[in-house]
Structures are given as structure tokens and as C-alpha cells.
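Thanks for coming, everyone. Please have the sequence and the structure open while I talk.

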Amino acid sequence: MSKRVQKNLQAELDKVGSFIESTVETHMGYVKENQQRNKIGLVFGAIPHIVALLFPAVIVWIAKPSSSLFSWHPTLMSLGFMLLMSEAILIFSRWSSPVYTHPRTSKISWHWMLHLSAMVCIYTGLVVISVVKYQGGKPHYSTWHGQVGLVACGLLAIQASGGLLQLYPDILPFKLRPVTIKRLHALSGVLTYATLTVATVLGLYSSWFHANASHDLLWRACIAAPPTVLIAVVIQVAKNHLT
């Protein structure tokens, strides 16, 4: 790419960016000013944490890890998505973050460590179900659950790449303001989380879960759990990045 083309591309990016960008300092100042931690916020903020903990606990109880190779698929997926990934996002919530008084650098460290752990669980769960399908001679990704789940795993890899760009923005061949990368990372994170939510809910409609869920009320509670945390994530991201 010639220097002239690069210069023109940078000029166009700056024009577009002038409509949507602000400095990191101004943006974070607004967030801090408009998010007051109060008792009501703490009560409602605790709900997604409780749900994120109870849902994988129920799945582990139903799946009984080590009872079969397949049992590790729902176990690892629920731990990786509902627990680790949810907590990685909620770590930035002023209403419910367990480390809300810590500096932002500390929260970022917790964020990527939790996300990395989540990815290990999720991709290991993906490998497990692939091996199970191969051993059983069954077609791969033939259901909505499998197809949406595969898309979600792809989005997760892209999202992780976006996180690296936010940590190391200089690796880009063109310049983007830090706040722009931050917002894009947050919004694409919501898309990834929403896709994983859909995949998880579809999995709860599987014959395996219906056969092992002991009561219809338990099934309904599990169905409601992922969207409940998703709502909290959407509110948090909208409050931090779209207002």
C-alpha cells in the first residue's frame, strides 16, 4: 500500500471517527460520574452473579462429570460461558463487580485471565463433543444448537483478537483512537455473548437435557438463566459505552 493511499485512508478514518469518538479520559469520567453504587443497585447487581453460579452448578449436577465422555461437554461449556465469561464481563460493573474499588488496570487483568480460562473450557468442550460425534459415527453440527454454537466459538476467537488489539493498538497498520477500539470490543463482546446465550438455550431443548432434567420447573429456570445474565450484560455495556 503506497504512502498516499495510507494517508488518504487515515484521513477518511479520522473523518468518520470525529462523529463517534471522544477521548478515553472524557468517556471514563462520564461513566464514573453516572454510575453511583447504591444499595438497590447492589441487590439487583447480585442477581446475574448468583445466576451465573447456579446455572453451571445445576448443569454439573445433571451431567455428572466423568460418567461419560459426553458429560464433559455441558460441564465445560456451562463453566466456561455462564460462570467464567459472565464474571469476566461483570468485573467492570460498578453495581456488582467484586473488585470495583480496584484500579482499572487490575480489572483488565482479571478480565483477560477470566476470559482466557473461559476460552480453554469452551474450546475443550468443543473438542469433546467433536470426539463424541466422531466415535458415535454421528454427523457434526447438524442441529441448530451445534451450528449456532460453532458460530459462537468463531466469534469468541475474533473477540479475543479484538482484546489483543485493545492491549496492543500499535500492531494495527492504521491508527484508531483507544476509545474506538474499546467501544468496538465491548459491542462485539455483546454480540458474542448473545450468540453463546442462544446456543446454550438451544442446547437446553436437546433430548439429553429433557431426559435428565428432573422437573419441568427446573428446565424453565435453566432456560431463563442465560437471558437473565445477558440482560445485565447489555445494560452494563449500554450504560458504559452508548450513553
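**A walk through the helices**

Let's start with methionine 119. Apart from neighbours up to four places away in sequence, methionine 119 contacts Thr124, Leu156 and Ala160. A word of caution: this is a predicted model. Methionine 119 sits in helix α5. Is methionine 119 buried or exposed? Its relative accessibility is 16%. Buried means under 20%, so methionine 119 counts as buried. Now look at leucine 84. Leucine 84 and methionine 119 are 35 residues apart along the chain. Their C-alpha atoms are separated by 8.9 Å.

Stay in helix α5, and find valine 128. Valine 128 has a relative accessible area of 10%, so it is buried. Which residues does valine 128 touch, leaving aside those within four places in sequence? They are Leu69, Trp72, His73 and Leu76. Serine 71 is 57 residues from valine 128 in sequence. In space, the two are 9.1 Å apart, C-alpha to C-alpha.

One of those contacts takes us to another helix. Histidine 73 belongs to α4, which covers residues 72-90. Histidine 73 is buried too, because its relative accessibility is 11%. Beyond four places in sequence, histidine 73 touches Gly125, Val128, Ile129 and His145.

Next, a pocket. Histidine 73 is among the residues nearest the centre of the second largest pocket. Which helices supply at least two lining residues each? α3, α4, α5, α6, α7 and α8 do, and α8 runs over 207-212. What is the lining made of? It has 21 nonpolar, 13 polar and 2 charged residues.

Last stop, the largest nonpolar core. This core has 40 residues. Met82, Met85, Tyr193, Leu204 and Phe209 touch the most other members. Two or more residues come from each of α3 (39-63), α4, α5 (104-136), α6 (144-167), α7 (178-203) and α9 (216-241). Which element gives the largest share? That is α9, with 9 residues.

Take leucine 204 from that core as an example. Leaving out residues within four places in sequence, leucine 204 contacts Phe55, Ile59, Phe209, His210, Trp219, Cys222 and Ile223. Find leucine 204 on your screen, then pick out Phe209 among its contacts.

Technical notes: Residues numbered from 1 in each chain as written. Predicted model: local features only at pLDDT ≥ 70, side-chain atom pairs only at ≥ 80, totals over all residues. Heavy atoms only, no water. Helix = DSSP H or I, 4+ residues; strand = E, 2+ residues; numbered from the N terminus. Buried < 20%, exposed > 50% of the residue type's maximum accessible area, 1.4 Å probe, protein only. Contact = heavy atoms within 4.5 Å. Core = buried A, V, L, I, M, F, W, Y, C linked by side-chain atoms within 4.5 Å. 1 Å grid on protein atoms, 1.4 Å probe; cavity = no way out; pocket = protein on both sides within 12 Å on 5 of 7 lines; lining within 4 Å. Nonpolar A, V, L, I, M, F, W, Y, C, P; charged D, E, K, R; others polar.
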